[in-house]
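Q: I'm new to this structure and would like to learn how to read its features. Could you walk me through a few of them?

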Amino acid sequence: LGASVTWSPGEEIYTNLSSGVIDACTYCGPADSLAMGFHEVAKYWLRTPLMGPVNVDYFIVNGKVWRELPDDLKTQIVQLALNQGFAALGVSGIDLGADEAHLLDWLDAGLHGEMGYMQRHGTRRSRPADLVPGTIRVLSARLDYWPGDAAPADAVLTDPTLGYVSRYALGRDYHKVMRRMLQRLADAITERIGPFGYRVFVDSAPVLEKALARNAGLGWIGKHTNLMARDAGSYFFLGEIYTDLPLAIDVPASAHCGSCEACMPACPTGAIIAPHRLDARRCISYLTIELRGSIPEPLRAAIGNRIYGCDDCQLVCPWNKFARIAEHPDFGIRNGLDGSALTALFMWSEADFHERLAGSAIHRIGYECWLRNIAVALGNAPSSHDVLGALQARESHPSALVREHVAWALARHAEAAPRA
């Protein structure tokens, strides 16, 4: 078979094959611009007007192997995804023009806060082929995470002595779990068709995952900016495979929020400032996870007992009555974090933090921010001997960030104490 060739649009390429010579390629250039005989690339077999079909198993362009693909390849891939444990998989193209405009407007308004990485990558986030050259399709996969045996979210949120952890973070780190699953899916596709161009992503690069998933038919973007599915609510993760396989594209999902705006007033800090418009600087998930500095004082009381993330806008959504319980064993509850006492969590040593949360998404925020978040929650808890004792034990913590939030919490209790 022919050796690898260098090929750019409209450029003639030459490579010896057992059944003939490829004179030029029209895959990326117009045929009528070529003076010599040409072949067409159709379903990855070759045809020339002079020779008819060229009988080859595959050929190589720019180091990529091309071959005829099975007519039912997409159906096979969907089934392979289900076999891996994904709840659904869809295929989208790479045109995200309208979503790019929405993203740039959001960034220009400064609503991303200190998430500088959102701006750093420019338009590569909305142009998949710029991020991974050769990409023409995106496989979007959905994986349910709701822990069916967790303490009821409402019961924890209404008990200010307990710490609330967003339900997606109660088990193992989904980044690692889902990336392994997507890689196994890519390996399974390779076994079916041979090598192909792809790259796997799970929150690991500038990717507009929700827009791509919407275009792949997996759901619509709700007014709270999360992806929603009629048959699964919103308690799921998304992951992507960028690929050069020319698979049939799915029909984008239509929106089904209607006139409902339950999520907007449910946000404790008023972060959903308009339908489909989130001010991340006010979002509790941003404040407790992404923000590395001091949590703005005016927002601390509204955080309540939420020590890692927030689910309020999803908890009130009527579509989540269709949410599916996670089947993957790695999303089971670890360390009793579905409803632990704030005072107990605050007394974890740094060694405890690393030992108990290794392999968890929570581990990514670090011990300092963990204590910062719990200090705020303790400041919002009812005064008690245990609460005050826990805070006082951290008054001289080496971290200025922790000391500041402890001081704020103690001041809150002092102000609420009955005067003699």
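Predicted model: local features only at pLDDT ≥ 70, side-chain atom pairs only at ≥ 80, totals over all residues.

Q: What span should α16 have, and what is the distance between its end C-alpha atoms?

A: The expected span is 1.5 Å times one less than the number of residues. With 17 residues, α16 should span 24 Å, and its end C-alpha atoms lie 24 Å apart, so the two agree.

Q: Which residue caps the N-terminal end of α16?

A: That is S399, with a side-chain oxygen 3.2 Å from the backbone nitrogen of L401.

Q: Which residues of α16 are buried, and what covers them?

A: An α-helix has 3.6 residues a turn, so residues three or four places apart point the same way. In α16 the buried residues are L401, V402, H405, V406, W408, A409, L410 and H413. Their cover includes α10 (297–303), α12 (342–346), α14 and α15 (385–393).

Q: How do α13 and α14 pack?

A: Angles of 65 to 115 degrees count as roughly perpendicular. Helix α13 (residues 350–357) meets helix α14 (residues 366–380) at about 100°, with axes 10 Å apart, so α13 is roughly perpendicular to α14. E350, F353 and L357 of α13 contact G366, Y367 and W370 of α14; four of these residues are nonpolar, one is polar and one is charged.

Key:
Residues numbered from 1 in each chain as written. Heavy atoms only, no water. Axes fitted to C-alpha atoms, helices over the stretch in contact; angles between N-to-C directions. Helix = DSSP H or I, 4+ residues; strand = E, 2+ residues; numbered from the N terminus. Parallel < 35°, antiparallel > 145°, perpendicular 65-115°, else oblique. Contact = heavy atoms within 4.5 Å. Nonpolar A, V, L, I, M, F, W, Y, C, P; charged D, E, K, R; others polar. Buried < 20%, exposed > 50% of the residue type's maximum accessible area, 1.4 Å probe, protein only. Polar contact = N/O pair within 3.5 Å; in protein donor to acceptor, adjacent residues only side chain to side chain.
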